[in-house]
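Welcome! Let's get to know this structure together through a few questions and answers.

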Amino acid sequence: MKWYQRLLLEVAWGAAWLFSILPYWFKYYVVEEVLFFLLYHVLHYRRKVVLTNLENSFPDKSEAERRDICRKFYRTLAEMFIDTINMAHMPERKAKRVFCMKDFETQRRAVHGRDWIAMTAHFGCWEYCSYWSTYEQSQVLAAVYHPLHSVVIEELYHRLRRSDHVVTVPMRESLRFYLRNRGKEPQGRNLVIGLIADQNPPFRPDSHWFRFLNQDTIFFDGGEKLAVKCHLPVYFVKMKRLCRGRYEALFEKIYDGESEVQPNEITESYVRKLEAMICECPELWMWSHRRWKYIRPHDAD
């Protein structure tokens, strides 16, 4: 990192830390409203992409209903910016206030000391998922991420996510990371591989196509391959927004790590749970992503 990039990083980090200690009402009822006005009314940030995605995903909804979802999505987008910067100062007491886990003891008994995979999505403030470690410190979360082009933003996100119980792993290295580190955590702590699995993967001739939100869609299958190869249980992280800046998570089992499964069965279960969560509260999903870049070939699976 060059000197001017380092300087820019430290300025950005300092600004984020100062912002994070501001009063809740100011961040979520003043700054958020300003951001929403800019994104929705002034900049029209990716408005065409959002409306096209909504139209293709919900053809049975009226135009008025889709525009209402669009408007609510931009409010979510503004709130997520506040949520993310808010992570610059997140002591344990504050982390438990912004992110709570439903039926945590049930989840703890279910994994009973095993490594496992948590599959989540760009839904609400997904970054808060790293705070489950405030409830369970016998496990280390390996948060798999897609590297960013800007080294400054990349390092800033690393700092925001930094924790004694969280390590960040580039997506392309996730399998090697697990195979290299399983069973090596100090004090017998287990590894949890956290995957944001709704990103748009590169198209391959052997890509499997799923029917997702009324459209033919491909998904990353790395989570399924890792689960089958290493016999790891897989859980879907269902996120629920409680109020501004507050979320609740519930872990729903997808795979027990032992049973025989058909190819793409684990990913199919994830897709169905994700689709149901989006339909329940569509404004919380990241509609500004160009998710559907590819057209399914006639001879595709």
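Q: What covers the buried residues of helix H7?
A: This is a predicted model, where local features need pLDDT of at least 70 and side-chain atom pairs count only at pLDDT 80 or more, while totals for chains, interfaces and linings use all residues. Residues are numbered from 1 along each chain as its sequence is written, and side-chain values use heavy atoms, leaving out hydrogens and water. In H7 (residues 151-161), the buried residues (under 20% relative accessible area, with exposed over 50% and partly exposed in between, for a 1.4 Å probe and protein chains only) are Val152, Glu154, Leu156, His158, Arg159, Leu160 and Arg161. Their cover, by contact (heavy atoms within 4.5 Å), includes helix H1 (3-20), H4, E3 and E4.

Q: Within what arc do the buried residues of H8 fall?
A: Helices (H or I, at least four residues) and strands (E, at least two) are DSSP runs numbered from the N terminus. In helix H8 (residues 174-181), Ser174, Phe177, Tyr178 and Asn181 are buried. They line one face of the helix, because their arc, taken from the directions from the helix axis to the C-beta atoms, is 95 degrees.

Q: Which strands and which helix are included in what covers the buried residues of H8?
A: Just past the end of H8, Gly183 takes a positive phi of about 75 degrees. As for the buried residues of H8 itself, their cover includes strand E3 (139-145), strand E4 (166-170), strand E5 (190-196) and helix H9 (222-230).

Q: Which elements do the buried residues of H3 pack against?
A: Helix H3 (residues 47-57) has Arg47, Val49, Val50, Asn53, Leu54 and Ser57 buried. Down the axis of H3 these residues fall within an arc of 165 degrees, so they line one face of the helix. Their packing partners are helix H2 (24-42), helix H4 (63-86) and strand E7 (215-218).

Q: Is Leu43 buried or exposed?
A: Leu43 is found in the loop between H2 and H3. From Glu136 it is 93 residues away in sequence and 42 Å in space, C-alpha to C-alpha. With a relative accessible area of 58%, Leu43 is exposed.

Q: How many aromatic pairs does the structure hold?
A: Rings of Phe, Tyr and Trp (its six-membered ring) pair if their centres lie within 6.5 Å, with planes under 30 degrees apart counted as stacked, over 60 as edge-to-face and the rest as tilted. Ring pairs link Phe58, Phe210, Phe212, Phe219, Phe236, Tyr270, Trp285, Trp287 and Trp292 into a cluster. In total, the aromatic pairs number 22.

Q: Which residue lies over the face of Phe219?
A: A charge sits over a ring if NZ of Lys or CZ of Arg is within 6 Å of the ring centre and within 35 degrees of the ring normal. One such case is Lys61, whose charged end is over the ring of Phe58, 5.5 Å from its centre. Over Phe219, at 4.6 Å from the ring centre, lies Arg291.
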